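Here are some notes to read alongside the model, written for someone opening it for the first time. Take the points in any order you like.

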Amino acid sequence: MLTDLHTHSAFSPDGLSPLSEMVQTAHKKGLSFFGVSEHFDFDYAACGLRIHGEIPPLTDEEGYFSAARALQNEYAAKGLRLLVGGEYGFLPDAACCERYAGLSERKKPDFVINSVHTVDGADCYFPEYFAGKSREQAYGQYLERIRESLDAPYDYDIVAHIGYVGRKAPFEKKMLRYDDFPALFDDILKTVIKKGKILEVNSSTRGLGEPFLPDTGVLARYFELGGRRISFGSDAHDISRIAEGRETATAALKALGFTSLTVPDGGEYKEILL
């Protein structure tokens, strides 16, 4: 039973393919569980953050959930469980967190991905974040924000793409490794386990020279600490990348001792054998 729980369609500001095409492609590829997790970047709005000088538009909440629920019903009979979710960009700002809580209350997504994109008022995908920072400062501040995000005052299921900060980092060693911050990583991983959340393996790593993130050192330590809830996400923004890198990621997980992937579905966590 194939899964991919982290994808974006054209409803997201940076998505490229229409939602209907994303779902159709997932079905053609034989996925049993396909999660769409459009961006809800209330962190951007709270920071007044601009991308290339412009304020990014927010996802059309009404349009997205209406279209996704219709497709969910359509594909249920075809053997595809379409999970209608959202990716919430964490910011330790009360008003921002309240907006996420309100969205969940109104739309009741099947699952929520909790992500960290913004630190120090900048998205750490872009050069502005790294200006004047050493590698240790840039990566350490990012991980500290990850730790803060685990205590978000709204419900979430998946802790996404730890290591995102390295995707466009201006350092020779881009990949964030367990050995870079072992104590901080242990705090993060123990908290993920204690709270019963799901750690994501994300295959969107272009520029990193690695097949997925977080690195195997992080995943091995998670397993050693007792972590078993894990999900796969391609972070696809168009139809060409749906389920990309899945076989490589799942093979690595098996080698580390994992036996299943966890699929969050409306509060129920389903274990799908690898």
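**Notes on the model**

1. Let's start with Ile162, which counts as buried at 1% relative accessibility (buried means under 20% relative accessible area, exposed over 50%, partly exposed in between, with a 1.4 Å probe and protein chains only). Ile162 sits in the loop between strand E7 (158–159) and helix H7 (182–195). Helices (H or I, at least four residues) and strands (E, at least two) are DSSP runs, numbered from the N terminus. Not counting residues up to four places away in sequence, Ile162 touches Tyr142, Leu143, Ile146, Phe185, Ile188, Leu199, Leu213 and Pro214, where contact means heavy atoms within 4.5 Å. From Ile162 to Glu200 there are 38 residues in sequence and 7.9 Å in space, C-alpha to C-alpha.

2. A word on what you are looking at. This is a predicted model, in which local features need pLDDT of at least 70 and side-chain atom pairs count only at pLDDT 80 or more, while totals for chains, interfaces and linings use all residues. Residues are numbered from 1 along each chain as its sequence is written, and side-chain values use heavy atoms, with hydrogens and water left out.

3. Now the sheet. Seven strands form an open sheet with parallel pairing, in the order E1-E2-E3-E4-E7-E8-E9. Strand E1 (2–4) and E9 are at the edges with a single partner strand each, so one side of each has no neighbour in the sheet. Two strands pair if DSSP finds at least two bridges between them.

4. Asp4 stands opposite Phe34 in E2.

5. Which way do the residues of strand E9 (residues 230–233) point? Ile230 and Phe232 go one way and Ser231 and Gly233 the other, and all are buried.

6. E8, helix H8 (residues 216–224) and E9 together make a right-handed β-α-β unit. A crossover is right-handed if, with the strands pointing away from the viewer, the path from the first strand over the helix to the second runs clockwise. Pro214 is found in the loop between E8 and H8, and the peptide bond from Leu213 to Pro214 is cis, with omega near 0 degrees. Leu213 and Pro214 are also among the contacts of Ile162.

7. Most residues other than glycine have a negative phi, and most peptide bonds are trans. So which residues are worth a look for phi? His52 has a positive phi of about 55 degrees although it is not a glycine; its place is the loop between helix H2 (42–47) and H3, and at 73% relative accessibility His52 counts as exposed. Asp235, also not a glycine, has a positive phi near 60 degrees and lies in the loop between E9 and helix H9 (246–256). Asp235 is buried, with a relative accessible area of 4%.

8. Strand E10 (residues 260–265) and strand E11 (residues 268–273) run antiparallel and are joined by six bridges, with Pro264 opposite Tyr269 in E11. Two residues lie between the strands of this hairpin, and Gly266 takes a positive phi near 60 degrees.

9. How do helix H3 (residues 61–76) and helix H4 (residues 94–107) pack? They pack at an angle of about 40 degrees, with their axes 12 Å apart (axes are lines fitted to C-alpha atoms, for helices over the stretch in contact, and angles run from 0 to 180 degrees between N-to-C directions). Glu61, Glu62, Phe65 and Arg69 in H3 meet Leu103, Arg106 and Lys107 in H4. The residues of this contact divide into two nonpolar, no polar and five charged, where Ala, Val, Leu, Ile, Met, Phe, Trp, Tyr, Cys and Pro count as nonpolar, Asp, Glu, Lys and Arg as charged, and the others, Gly among them, as polar.

10. Last, His27 in helix H1 (residues 19–28). At 30% relative accessibility, His27 counts as partly exposed. Leaving aside neighbours within four places in sequence, His27 is in contact with Tyr75, Lys78 and Leu80.
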